[in-house]
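Hi there,

Here is the structure I promised to pass on to you. Have a look at it first, and then read my notes below.

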Amino acid sequence: MKLSSREIVLAGLFAAVISILSQFTIPFGPIPLTLQTFAVGFVVTILGKKTGTIAVAIYLLMGMIGLPVLAGGSAGISHYFGPTGGFLVGFIFQAYFIGLIIEKARFNYFWSILANVIGAFITLFFGSLWLKFSGSLPWNAAFSAGMIPFILPGLIKAVAAGYLGVLLGKRLPFTNLVYR
């Protein structure tokens, strides 16, 4: 996969957007409510599958190497092995599938919101799966801890990300290159 310099710059800039939005958190046990999932969906809705997924990967790498970009200004590889690890890894899959759905369908409000709702559930699934295996939890406990409390906030953030992503994306000149 060859990247243009424009794609690299956009991915880096939007990784910074994810980093900033990720600082908005509400403590909620070991897994906080954050704007990370909103940020991922919003960025990918604007940038598309390839550049959006790269932006998410850059964001995750920044957190992994110790830059305080993860939720609440946290950082370090330990977060990828703690209770939030599955959610963090899920962001890559969330990004890819949101971009894929929008690119295969249409860049409009309906498809962007639907793609973001599906993406939100992908992240919740990965987070719950990680809780199941890392915490040796039964399936019902893992999904009760990693999915159920986050469904309504996830839906709200997904609708907002899809709507605002299209609203802003239709006004940015580079989205015409992504969604031809």
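Helix α5 passes helix α6 in a right-handed crossing; a crossing is right-handed if the near helix is turned clockwise from the far one by less than a right angle, and left-handed if anticlockwise. This is a predicted model, in which local features need pLDDT of at least 70 and side-chain atom pairs count only at pLDDT 80 or more, while totals for chains, interfaces and linings use all residues. Residues are numbered from 1 along each chain as its sequence is written, and side-chain values use heavy atoms, with hydrogens and water left out.

Helices (H or I, at least four residues) and strands (E, at least two) are DSSP runs, numbered from the N terminus. Helix α5 covers residues 109-134 and α6 residues 139-146, and they pack at about 135° with their axes 8 Å apart. That angle makes α5 oblique to α6. (Angles under 35 degrees count as roughly parallel, over 145 as roughly antiparallel, 65 to 115 as roughly perpendicular and the rest as oblique. Axes are lines fitted to C-alpha atoms, for helices over the stretch in contact, and angles run from 0 to 180 degrees between N-to-C directions.)

Which residues of α5 and α6 meet? From α5 come Leu124, Phe125, Ser128, Leu129, Leu131, Lys132 and Phe133, and from α6 come Trp139, Ala142, Phe143, Ala145 and Gly146; contact means heavy atoms within 4.5 Å.

Now for another pair. Helix α1 (residues 5-21) packs with helix α2 (residues 36-47) at an angle of about 155°, their axes being 9 Å apart. The two are therefore roughly antiparallel, and their crossing is right-handed. On the α1 side the contact is made by Leu10, Phe14, Val17, Ile18 and Leu21, and on the α2 side by Phe38, Ala39, Val43, Ile46 and Leu47.

Thr37 also lies in helix α2. Its side chain makes a polar contact with the side chain of Lys157, at 3.1 Å. (A polar contact is a pair of N or O atoms within 3.5 Å; within protein, one must be able to donate a hydrogen and the other to accept it, and residues adjacent in sequence count only if both atoms are side-chain atoms.) Leaving aside neighbours within four places in sequence, Thr37 is in contact with Phe91, Gln94, Thr123 and Lys157.

Finally, the protein chain has 8 helices and 2 strands, in the pattern α-β-β-α-α-α-α-α-α-α along the sequence.

Happy exploring!
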